[in-house]
Amino acid sequence: MPRFQRLEHGADSKSSIAVMSELNLILLGPPGAGKGTQAARLTEDFHLPYIATGDMLRGAVKDGTPLGKQAKEYMDRGDLVPDDVIIRMILDCMESPDCADGLLLDGYPRNVEQAEALEKAMKGKGRGVTATILIDVPDEEVVKRISGRRLCQKSGHVYNVFSDPPKHDDVCDQDGSRLVQREDDAEDVVRKRLSVYHEQTAPLIEYYEDRGVLKRFDGLRSPTEVHDHIRATIATLRLEDEL
Ligand SMILES: [Zn+2]
């Protein structure tokens with residue numbers, strides 16, 4: 001009798017999507033969680049390309065790549081670009097030498113269906129998701145961060161009426177011009193975005209939790225603390241892989 005029993009293939013299939021020789025990271029979090037800030041720091045720490053799917057899509061359309069042309073046809077008709085087109089774009093990025101050590105993906109997947117499609121496509125290329133980084137921020141904090149935002153009309157100086165208010169209501173400290181709230185930042189718009197986020201992301205969180213790749217971070221902490229915590233977690237993942 002062998003002392004250690006090997007896990008039957010399939011028995012651990014849920015956890016087997018983690019591929020440790022690369023860092024394929026997915027960034028999750030509500031609007032206003034500071035994902036962009038963290039992404040900028042992480043790509044620098046680990047020399048990973050940052051793929052924000054919205055930017056990727058716009059770039060492909062602008063450059064007129066074959067997939068960009070396909071995507072444009074849908075966009076011109078006012079339709080959503082189908083998942084398989086987006087996933088092929090992501091896979092193309094992954095195949096590029098820049099992504100040999102992994103990548104940081106933001107904006108995709110947004111729901112379980114997309115996550116499954118992405119997982120399948122990555123598996124086909126012998127790749128998998130190393131970790132999904134969730135920056136957790138409570139709804140009330142998101143509402144304060146976004147709907148509290150005010151911009152000065154003249155130079156775009158940014159304030160927040162809750163956390164960084166101007167000396168005088170609705171007046172820019174620096175140039176005296178009027179402060180305005182962007183339409184997208186209005187509280188009801190933010191709450192609507194949050195409800196869509198929760199509806200789609202809650203199952204997605206569970207999906208990655210089941211696969212043992214979800215890492216949660218407290219987005220109420222300062223950006224530097226969040227960054228330190230994420231960096232340490234990823235460094236540990238890498239270390240475990242080398243052992
Ligand atoms: Zn100003």
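How many cavities of 30 Å³ or more does the structure hold? The structure holds one. This is a predicted model, in which local features need pLDDT of at least 70 and side-chain atom pairs count only at pLDDT 80 or more, while totals for chains, interfaces and linings use all residues. Residues are numbered from 1 along each chain as its sequence is written, and side-chain values use heavy atoms, with hydrogens and water left out.

Rolling a probe the size of a water molecule over the atoms shows where empty space is left. Here the search runs on a 1 Å grid over the protein atoms alone: a cavity is a set of points where a 1.4 Å probe fits but cannot get out, a pocket is an open set with protein on both sides within 12 Å along at least five of seven lines, and lining residues have an atom within 4 Å of a point. Grid points are joined across faces, edges and corners, and a volume is the space filled by probe spheres set on the points.

The largest cavity contains about 40 Å³ of space. Its lining consists of Asn24, Leu25, Ile26, Met94, Leu103, Leu105, Met122 and Val129. Helices and strands are DSSP runs numbered from the N terminus (helices H or I, at least four residues; strands E, at least two). By class, the cavity lining has seven nonpolar residues, one polar and no charged ones. For this count Ala, Val, Leu, Ile, Met, Phe, Trp, Tyr, Cys and Pro are nonpolar, Asp, Glu, Lys and Arg are charged, and the others, Gly among them, are polar.

The open spaces come next. The largest pocket has a volume of about 1,100 Å³. It is lined by 38 residues, and those closest to its centre are Lys35, Asp106, Gly107, Arg110 and Arg193. Elements that give two or more residues to the lining are strand 1 (23-28), helix 1 (35-46), strand 2 (50-52), helix 2 (53-63), helix 4 (83-95) and helix 7 (187-210). Helix 7 gives the most, with six residues. The lining of this pocket divides into 19 nonpolar, 11 polar and eight charged residues.

The second largest pocket has a volume of about 240 Å³. Gly32, Glu141, Lys144, Arg145, Ile146, Arg149, Val158, Tyr159, Asn160, Phe162, Ser163 and Asp164 line it.

Two packed helices are described by the angle between their axes and the distance between the axes. The axes are lines fitted to C-alpha atoms, for helices over the stretch in contact, and angles run from 0 to 180 degrees between N-to-C directions. Contact means heavy atoms within 4.5 Å.

Helix 4 packs against helix 5 (residues 112-124) at an angle of about 40 degrees, with the axes 10 Å apart. That angle makes helix 4 oblique to helix 5; angles under 35 degrees count as roughly parallel, over 145 as roughly antiparallel, 65 to 115 as roughly perpendicular and the rest as oblique. Asp83, Ile87, Ile90, Leu91 and Met94 of helix 4 make the contact with Gln114, Ala117, Leu118, Ala121 and Met122 of helix 5. Eight of the contact residues are nonpolar, one is polar and one is charged.

Helix 5 also packs with helix 7, at about 35 degrees and with the axes 9 Å apart. Val112, Ala115, Glu116 and Glu119 in helix 5 meet Pro203, Leu204, Tyr207 and Tyr208 in helix 7. This contact has six nonpolar, no polar and two charged residues.

The axes of helix 2 and helix 3 (residues 66-76) come within 8 Å and cross at roughly 105 degrees, and these two helices are therefore roughly perpendicular to each other. Leu57, Ala60 and Val61 of helix 2 are in contact with Gly68, Ala71, Lys72 and Met75 of helix 3.

Two backbone details remain. Most residues other than glycine have a negative phi, and most peptide bonds are trans. His47, in the loop between helix 1 and strand 2, has a positive phi of about 50 degrees although it is not a glycine. Tyr108 and Pro109 are joined by a cis peptide bond with omega of about -5 degrees; Pro109 lies in the loop between strand 3 and helix 5.
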